[in-house]
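Let's take a walk through this structure together, one stop at a time. Have the model open beside you as you read.

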Amino acid sequence: MALAAGTGSGPLAEECFGWAVRYAAYDERTDRGVELPRERWEPVRRDTIFDLASLTKLCTTIVALRAVERGLIALDGRVAAYAPECTAAAGHGITVRQLLTHTSGLIPELPLYEEDGRERALARLAAEPPATPPGTARRYSDLNFLLLQRVLERTAGQPLDRLVQETVTGPLGMADTRFNPPASWLPRIAATEDQRRPWGKLDRGMLRGVVHDENAWALGGVAGHAGLFSTAGDLAVLCRALLAGGGPVLSPESTELMLTAPGLGFEVDQPWFMGELAGRGAAGHTGFTGTSLVVDRARGAYLVLLATTVHPRRRPGDSAPRAAAATALAGALG
């Protein structure tokens, strides 16, 4: 695990624990990982790169709000106005704001990885109707950010990976953050899962340097809900920018809107992973692979935790360590 904690003025703690690579496989008969020879274990270092999973949604959100600032889209504009090929969203009047607040009514996910190719997967996404009327209830859904990706790509005329680079990682100098990391990065990347059925949704074996999320992989590694890889240090740079009002990636007004309850893309005041940082407007998110980020503007502080709790295979989620680290930071700040 890599931890980065600090304030708007700089880091308070940057620590590393455990192993980035330890297992060759998972043995379902013994319910244990098959360890590599000890000399091939690789420790987590400050420059270790992790699969961010759903923390990707935060960068997609920033790209969306920047598009709002530029007049390319409107928060209450309908998806149909920007991506008419998303026929189900068009038929039910789903808006950009509903995608960002998970109030579109869409189910949490679809097995897009079962489709024969990216175009068929996108067609299935486009035809999926909401399960409940848009705007009536909150249901967390990866599909919201896949549709948002379509909106952003259509209106900007560029793919999401380029939009993230031009809008977020480039201006902030986040050189260790990107989709589909190159082979030269592999020695620094933490392994994730020995992904096989029945615990996984695909049979891909031990993953390292390719996105863990099955739908993101099926879409070529670039997806609005998952796919980014990064380091704790790079995410700390993003956190400090948000604490400072959003520049150079967003205006203070957009940043305020994004981080204030109910939040756009960000979750607000969630003690289950924010611990005692929650309660005063803290905003953040978690990722399935074991990642999390919290920005607490009331205290002027941030906390980034990157881990691979799916190595060598996924288990039921446990956010107690995330909450404990956040509570420790809250106590240290007073």
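Strands here are DSSP runs of E with at least two residues, helices are runs of H or I with at least four, and both are numbered from the N terminus. Two strands count as paired if DSSP finds at least two bridges between them.

Before going on, a word on what you're looking at. This is a predicted model, where local features need pLDDT of at least 70 and side-chain atom pairs count only at pLDDT 80 or more, while totals for chains, interfaces and linings use all residues. Residues are numbered from 1 along each chain as its sequence is written, and side-chain values use heavy atoms, with hydrogens and water left out.

Back to the sheet. Two bridges tie β7 to β11 (residues 228-230), and these strands run antiparallel. Look for Asp 51, which has Phe 229 of β11 opposite.

Next, a pair of helices. In general, two packed helices are described by the angle between their axes and the distance between the axes. Here α1 (residues 56-69) packs against α7 (residues 160-172) at about 75°, with the axes 9 Å apart. The axes are lines fitted to C-alpha atoms over the stretch in contact, and angles run from 0 to 180 degrees between N-to-C directions. That makes α1 roughly perpendicular to α7, a label for angles of 65 to 115 degrees. Which residues of α1 and α7 meet? From α1 come Cys 59, Thr 60, Ile 62, Val 63 and Arg 66, and from α7 come Leu 160, Leu 163, Val 164, Thr 167 and Val 168. Contact means heavy atoms within 4.5 Å.

Most residues other than glycine have a negative phi, and most peptide bonds are trans. Asp 31, in the loop between β4 (23-27) and β5 (32-35), has a positive phi near 55°. His 102 also has a positive phi near 55°, and lies in the loop between α4 (96-100) and α5 (118-127). Are they buried or exposed? Asp 31 is partly exposed, at 38% relative accessible area, whereas His 102 is buried at 1%. Buried means under 20%, exposed over 50% and partly exposed in between, using a 1.4 Å probe and protein chains only.

Finally, a cis peptide bond joins Gly 247 and Pro 248, with omega about 5°. Another cis bond links Ala 261 to Pro 262, with omega about 10°.

Terms used
Parallel < 35°, antiparallel > 145°, perpendicular 65-115°, else oblique.
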